[in-house]
Structures are given as structure tokens and as C-alpha cells.
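Here are my notes for a colleague coming to this model for the first time. Please keep the structure open while reading.

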Amino acid sequence: MGKLLKRAWRYVVAALGGKLDEVADPKVQIEQAIEEAKLRHQLLTQQAAAVIGNERELQLKLTRTVEETEKLQANARQALLLAEQARKAGDEEKAGSYEDSARAFASKLVSSEAAMQDMHGLHDRAAQASAQARAAVENNAMALQQRLAERTRLLSQLDQAKMQERMNEAMAGMTELAPAGDMPTLAEVRDKIEACYARALGQAELSSNSVEARMLEVERASLDVEGAARLESIRESLGLAAAPAALDAAPAGPALEAPAEPAPARAETRARPAGTSGARKTPARKPAARRTAAEPPAAKEPPGDGSGS
């Protein structure tokens, strides 16, 4: 029974884990992984700080032990020198006292040197551990930077994937023949609009060809003529000059030909007598005018011909 419950529990956990992975947002999972990496780096940094702090503490203790050892050695040497001086002075009792003090300093010196040797070993191991901790922190920092760069790349790739999915959905909605639900397709809407447009064109054509439309055109023309006459009467009552009828009634052909005439030809026609002014508008006389204006040396040929005859 217990094995069955364990198997059922593991199955439920695996099923829920799979469902959670399916519905989980990849962006949230990426942020969770980055936060976990940052937390691990913080813990590693704290542990490395503790190791480095232990090294610093051992270094301080070793320095103090070395100082104490040097001090004990100096005291023992000084006690021996004093004992020798007292012995030379004949004071054996004082020399013996100095000898006892030197022995005490020597005993402490031996224990201090032993402690210093142990401290040296501890400091060396602490220094190695500190170097390893520094290297581990540096490597973990590099790994964290790589993970941060990987997060940026993954987030960009995730955004591109979402955009591609939306584009695929939009393209699928545009290319499918019948959309889901009761919404009409674009083809049905287009056919409906074209049918309405065709009916409107047909009604407009019928309305333009009807008798009422023609009557309206006649009435509009009559109103235009009456309006023009009324405008002329108002102009006469004000004493204004009448509108030039030549501009309204003149044919379009001559009015367009006159500006197109070259400048030398117009100057030539102005120099002619008044009786020949009508020849300017004749198309057959224009080449002659251009010829006389463009070839001035031809006028000097008659004196030459008369002298020759």
C-alpha cells in the first residue's frame, strides 16, 4: 500500500510538473533562473569573504606570534647577558636569578615558536583557500555575465517567436476560406459592396437619361442665359465697359496661333504699311516674313544685278 501511494504521488507530481512547464511563461522562467544564479553568486561571494577573512585573521595572529617570539628571544638573550655580568661582578645569587629568568624565557620561546610554526601552516592553507575562493568568485561572476547575456538573447528570441506566431495567425486568418464563427469573409463583403455599387451606377444612369433630368438641364441653361443678361444690364447701369465679346465668341484657332508666332516675324509685320496688316494672319505669308527677316543680305542683290546688265 505504501509503495502504491508513493508511485501515485510521484505520478501526480510529474503530471503537474509537465502541465506547469506547458503553461509557464518562458520569460518568467528565464527571470527565475537569473535570480537563482544571482543568489548563488551572492552566497559564494559571502563564503569567499569568510575564507579571505579567516586568512586575514590568521595573518594577524601569525604576525603577533612572530612579534612575541622575537620579544621572548630578546628577553632570554638579555637575561643571559645580565647573568654573565653579575657573575663577573661576583654576585652569584643575582646571576642565578638571571639564569632562572633566561630559562623561563627560553621555555616560553619554545612554545611560542611551536605555535608560530602551526600558525604558519594554518596561514599557508588559508592563503590557498583564499586564492581558490577568489578564483571561484571570478569564475562565477564571468558565468553570471554570460547568463545575463544569454538572457538578453533568449528574451529577444522569445519576442521574435511571439511575433512570428502572431504573423502566422494573421496569415492563417487571411488565407483561410471560412473564418470561425458567424463573421463574413472578405470575398462576401467584396461581392456585397460591388453589388451595391453596380445598383447605384444603374440608378444614376437611369436618372441621367430620364425626361426630368433633361428638363432640369434646359432650365439650368435658361437660368444661365438670364443670369448673363442680368449681369450685362447691371454693368450698363453702373457705367462700366461691356465685356469684350471677341474673347468669348472668337474661335480658338487664331487666338492660339498669334502667340506661337516668333518675335522677329511680329516685328516685321509691325513695320509693314497699314494696308498689309491683314497679311499677318495669313499662314501662307508667314514664311515670307520669316525669310525676309532671317536673310537681310538678299536685299542687296538688285544693285548688283543692275550693274551687270
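1. Ground rules. This is a predicted model, in which local features need pLDDT of at least 70, side-chain atom pairs count only at pLDDT 80 or more, and totals for chains, interfaces and linings use all residues. Residues are numbered from 1 along each chain as its sequence is written, and side-chain values use heavy atoms, with hydrogens and water left out.

2. Salt bridge count. The structure holds 8 salt bridges. The term means a side-chain nitrogen of Lys or Arg within 4 Å of a carboxyl oxygen of Asp or Glu.

3. A link between helices. Arginine 151 and glutamate 31 form a salt bridge through their side chains, at 3.4 Å from N to O. Arginine 151 belongs to helix H3 (residues 92-175) and glutamate 31 to helix H2 (residues 26-88), so this pair ties together parts that are 120 residues apart in sequence. Helices here are DSSP runs (H or I, at least four residues), numbered from the N terminus. Arginine 151 is partly exposed, at 21% relative accessible area. Glutamate 31 is also partly exposed, at 29%. The cut-offs are under 20% for buried and over 50% for exposed, with partly exposed in between (1.4 Å probe, protein chains only).

4. A pair within H2. Arginine 40 meets glutamate 36 in a salt bridge at 2.8 Å, N to O. The two are 4 residues apart in helix H2, so about one helical turn separates them. Glutamate 36 is partly exposed, with 41% relative accessibility.

5. A pair within H3. Glutamate 150 and arginine 153 join in a salt bridge at 2.3 Å, N to O. Both sit in helix H3, 3 residues apart, or about one turn of the helix. Glutamate 150 is partly exposed at 33% relative accessible area. Arginine 153 is partly exposed at 45%.

6. A network. Elsewhere, salt bridges with shared partners connect Glu84, Arg87 and Glu99 into one network.

7. Helix H5. What span should the 27 residues of helix H5 have? The expected span is 1.5 Å times one less than the number of residues. For H5 (residues 211-237) that gives 39 Å, and its end C-alpha atoms are 39 Å apart, which agrees. Glycine 239 follows H5, with a positive phi near 75 degrees.

8. Histidine 123. Is histidine 123 buried or exposed? It counts as buried, at 15% relative accessibility. Histidine 123 lies in helix H3. Neighbours within four places in sequence aside, histidine 123 is in contact (heavy atoms within 4.5 Å) with Glu55, Leu58, Gln59 and Leu62.
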